[in-house]
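Me: I have not looked at this protein before. Please take me through it one question at a time.

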Amino acid sequence: LGASGDLSPLSHLSLPLIGLGEVEYKGELYESTELLNKFNLKALKLGSKEGLALINGTQYMLASFVNSVLHSYNLSKLADHISSVSIDSYNCNLQPFSPH
């Protein structure tokens, strides 16, 4: 086993995905199967090496990537708003934005 110290916590985080363990939802503890049923979700049936993939840290890298993508969407939206306000405030020529 690895010596990084993250195997046990990551294992506990992965348990609800397979329908085991407990989950905190809105400040209360529930059995994971109870919440899976509440939201009409099914527990995962893990295949070969998928359990290892859940506990070896790659899901953190994926979560970090998804977080970065979401931030980039927010930055892009802000850039659009800022450029729109700038074009309006500087009374720029709008001809380049013509659909023709």
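Me: Is Ser14 buried or exposed?
Reply: This is a predicted model, and in it Ser14 belongs to helix 1, residues 7-14. A residue counts as buried when its relative accessible area is under 20%. For Ser14 that area is 10%, so the residue is buried.

Me: Which residues does Ser14 touch, not counting those up to four places away in sequence?
Reply: Contact here means heavy atoms within 4.5 Å. With residues up to four places away in sequence left out, Ser14 touches Leu54 and Ile55.

Me: Is Ser32 buried or exposed?
Reply: Ser32 lies in helix 2, which covers residues 32-38. Not counting residues up to four places away in sequence, Ser32 touches Pro16, Gly19, Leu20, Gly21, Glu22 and Val23. Its relative accessible area is 2%, and therefore Ser32 is buried.

Me: In what order do the elements run from the N terminus on?
Reply: The protein has four helices and two strands. Read from the N terminus on, their order is α-β-β-α-α-α.

Me: What share of the contacts between residues at least 6 apart in sequence joins residues at least 24 apart?
Reply: The contacts considered are those in the protein between residues at least 6 apart in sequence. Of these, the share that joins residues at least 24 apart is 34%.

Me: Is Lys26 buried or exposed?
Reply: Lys26 sits in the loop between strand 1 (22-25) and strand 2. Its phi is near 50 degrees, a positive value in a residue other than glycine. The cut-off for exposed is over 50% relative accessible area. Lys26 has 72%, so this residue is exposed.

Me: Where is Lys49, and is it buried or exposed?
Reply: Lys49 is in the loop between helix 2 and helix 3 (50-55). Although not a glycine, Lys49 has a positive phi of about 70 degrees. Its relative accessible area is 68%, so Lys49 is exposed.

Me: How is Glu28 classed by relative accessibility?
Reply: Glu28 has its place in strand 2. Its C-alpha atom is separated by 20 Å from that of Ala43, 15 residues apart along the chain. Because its relative accessibility is 48%, Glu28 counts as partly exposed.

Me: How far apart do the centres of the positive and negative side chains lie?
Reply: The protein has 6 positive and 9 negative side chains. The centres of these two sets lie apart by 9 Å.

Me: Which element has the highest mean pLDDT?
Reply: Over the protein the mean pLDDT is 88, and 94% of the residues reach 70 or more. Among the elements, helix 1 has the lowest mean, 82. The highest, 96, belongs to strand 2.

Methods. Residues are numbered from 1 along each chain as its sequence is written. This is a predicted model: local features need pLDDT of at least 70, side-chain atom pairs count only at pLDDT 80 or more; totals for chains, interfaces and linings use all residues. Side-chain values use heavy atoms; hydrogens and water are left out. Lys and Arg count as positive and Asp and Glu as negative; His and the chain ends are not counted. The place of a charge is taken as NZ of Lys, CZ of Arg, CG of Asp or CD of Glu. Buried means under 20% relative accessible area, exposed over 50%, partly exposed in between (1.4 Å probe, protein chains only). pLDDT is the predictor's confidence in each residue, from 0 to 100.
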